[in-house]
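With the model open in your viewer, please follow the stops below in turn, making each selection before reading on.

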Amino acid sequence: GQEILMTTLQDPELWKKTNRWDDTVVDIWFKSKMVSGGEVGIANTHEEPITAMLTHFLDSYKEMPIYIYQFQNKFRNELRAKSGIMRVREFIMKDLYSFNKSEEEFKEFYEKCAEAYIKIFKRVGIGHKTYRTLAAGGSFTTGLTDEFQTISSVGEDTIYIDENKGLAINKEVYNDENLEKYGFNKSKLREEKAIEVGNIFPLGTKYADALGLTYQDEKGERQKVFMGSYGIGLGRLMGTVVEVLSDDKGIVWPESIAPFAVHLLVLQSGDDKNILKEANKVYESLSKAGIEVLFDDRQGLSAGEKFADADLLGIPMRAVISTRSIQDGGIEIKKRTEEKGEIISLDELLKILKSST
């Protein structure tokens, strides 16, 4: 794919061509009046503008397929923003748009994207609770689409899971016709609350037709373009990771997306400057090795207070420099998911952290 960054302010005339400027069709628009007259929209998605853009650049089948993505702020006029970063009115989204020569070519790429999404959710630590889920397409498409839903008690959606298939169906499309059509056995489905962490939409030729996007085939004839769109809200994904993996002590960040690799704590006894000196040495060694370190060198706090803060922040590994650790020959390390720690040398710590990055 090619990465771009599209404008947030949108021309209403473009969206009127697909009827998505109408508030009865899309009720989450933020719209603003211009001083010079007229209105602009504040983008909540980008199917229309990216399709219109390609009408100026796409001509031949030789230029296809085309895959374009961006990481960009979206604005949605949610009736109720709630649950922290789970449902907000402004958020960063990864949105990808595909343009294919045929429905068959589109379907092949669509399945590759579905596989890639599953890999993403596994990598960030929630794959074991995330299911590809049949759902309604809303204003994006007239047919059914695919969501990726993560089981959580705070989820706003209800899904029905077929564990053998590794698939689920959203309550909004849960009926006998769809169950039979997509091979779901009602007696084997398990009901769960879930959070939508991503979605992929088969758009067909809806947007290309409305905005006049075609391509010229090998025979010189104009043909329809088949499209898809694929989105992940990064804030909601981060919030879901916290909801699913945290424990009663705080956050538990997976190594793949943790803000730091190690949380270094210095437990200073009185005015013992050697402990702080040793901790600084460890910090400098880790930093020079390219390892991201959160260094807690605060003074006047007890070991219990520092440990509680470390658990709350949830960095994957805690490394402690104290009188006891120095006497025992090194650094006390403990993974956030483990109860007991061990004393190792600085060289051993570097080796462990380098192998995990």
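Begin by selecting the lining of the largest cavity in this predicted model, whose residues divide into 3 nonpolar, 1 polar and 5 charged.

Next, select residues 103-123, which make up helix H3; its 21 residues reach 30 Å from the first C-alpha to the last, close to the 30 Å expected at 1.5 Å a residue. Which residues of H3 are buried? Show the side chains of Glu105, Phe106, Phe109, Tyr110, Cys113, Ala114, Tyr117 and Phe121, which are the buried residues of this helix. When viewing such a set, recall that an α-helix has 3.6 residues a turn, so residues three or four places apart point the same way. Moving on past the end of H3, select Gly125, which follows the helix and has a positive phi, near 95°.

Finally, turn to the open sheet of 3 strands, ordered E2-E4-E3 with antiparallel pairing. Strand E2 (9-10) and strand E3 (30-33) stand at its edges, each with a single partner strand, so one side of each is left without a neighbour in the sheet. Between E3 and strand E4 (residues 39-42), which run antiparallel, there are 4 bridges; to look across this pairing, select Ser32, which stands opposite Val40 in E4.

Notes: Residues are numbered from 1 along each chain as its sequence is written. This is a predicted model: local features need pLDDT of at least 70, side-chain atom pairs count only at pLDDT 80 or more; totals for chains, interfaces and linings use all residues. Side-chain values use heavy atoms; hydrogens and water are left out. Two strands pair if DSSP finds at least two bridges between them. Helices (H or I, at least four residues) and strands (E, at least two) are DSSP runs, numbered from the N terminus. Ala, Val, Leu, Ile, Met, Phe, Trp, Tyr, Cys and Pro count as nonpolar, Asp, Glu, Lys and Arg as charged, and the others, Gly among them, as polar. The expected span of a helix is 1.5 Å times one less than its number of residues. Buried means under 20% relative accessible area, exposed over 50%, partly exposed in between (1.4 Å probe, protein chains only).
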